[in-house]
Amino acid sequence: PGFKAKKTVRRQTFDPNPGSSAPTSSFDMRVVACTAVFAAATQANPIRKVVSLLQNMQTKIEAEAERDDALFAKFECYCNTNSEKSSAAITAGKAKVEQLETDIPEAKAQRDQVVSELAQHKQDRSTATEAVEEATAQRKKENDAFEAEEADLKQNKAAMDSAIAAIEKGMTGFLQTTAGSRVVQVLKSANDAF
């Protein structure tokens, strides 16, 4: 009961041509080729390994150099093109600065003229506003005088109409009425005016 039996597993390989020592399938051929390469690599000369390593490094370095040359050519083209564009932009900018420097005095003169005209127009407007206010006050005063004179004339006309009607009827004692006393006042003021 305390003893364990050990199982032995035996691997069996399938050989379609038993007794033949030459490989027959492509798989067998690959196995033989890999074994030969491994054996050659493990048994290769150390100097050969270093030479192979250096040759591989040289190939990689040459590939990197070609890639770097292509990138450098692109960058150089970009720099030349960008330099030309920058030079053109700088020249245009300098010309624009010169133009603006000559435009500044003209713009200042125009601004000063506009400010001066604005001040004059404000003064003219103020004067015109005062004139309008004075004219309005004068017209109101004249209108008040006209309305007072008109009321007086209407009253005088009414009194004269009453007097004419009374005289035509032969009215006696007309002068004692309000209309009669008004007619007397009108006649006196008319007499004084002449």
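Is Asp144 buried, partly exposed or exposed? With a relative accessible area of 39%, Asp144 is partly exposed. On this scale, buried means under 20% relative accessible area, exposed means over 50%, and partly exposed is what falls in between (1.4 Å probe, protein chains only). Please keep in mind that this is a predicted model, where local features need a pLDDT of at least 70, side-chain atom pairs count only at pLDDT 80 or more, and totals for chains, interfaces and linings use all residues. Residues are numbered from 1 along each chain as its sequence is written, and side-chain values use heavy atoms, with hydrogens and water left out.

Let us start with the overall fold. The protein has 3 helices and 0 strands, giving the pattern α-α-α along the sequence. Helices (H or I, at least four residues) and strands (E, at least two) are DSSP runs, numbered from the N terminus. Of the 194 residues in the protein, 5% are buried. The exposed surface comes to about 17,600 Å², with carbon and sulfur atoms supplying 60% of it; accessible areas come from the Shrake-Rupley method with a 1.4 Å probe, and for residues only the protein chains shown count as cover.

How confident is the predictor? That is what pLDDT reports, residue by residue, from 0 to 100. The protein averages 78, and 70% of the residues score at least 70. Helix α1 (residues 26-42) has the lowest confidence, at a mean of 63, while α2 has the highest, at 88. Over residues 9-17 the pLDDT is below 50, and beyond near neighbours in sequence this stretch has 3 contacts in the model. A contact here means heavy atoms within 4.5 Å.

Now back to Asp144 and its partner. Lys140 forms a salt bridge with Asp144, their closest N and O atoms being 3.5 Å apart. The term salt bridge stands for a side-chain nitrogen of Lys or Arg within 4 Å of a carboxyl oxygen of Asp or Glu. Both residues lie in helix α2 (residues 46-169), 4 residues apart, which is about one turn of the helix. Lys140 counts as exposed because its relative accessibility is 53%.

Arg111 and Asp112 meet through their side chains at 3.0 Å, N to O. Arg111 is exposed at 52% relative accessibility, whereas Asp112 is partly exposed at 45%. The side chains of Arg67 and Asp68 also meet in a salt bridge, at 3.9 Å, N to O. Asp68 has 41% relative accessibility, so this residue counts as partly exposed.

Together with Val50, Leu53, Leu54 and Met57, Ile61 makes a nonpolar surface patch of about 480 Å². Patches are made of residues with over 30% relative accessible area and no salt bridge: like charges are joined within 9 Å, and nonpolar side chains (Val, Leu, Ile, Met, Phe, Trp, Tyr) within 5 Å.

Leaving aside residues up to four places away in sequence, Asn156 touches Arg182 and Val186.

Key. pLDDT = per-residue confidence, 0-100.
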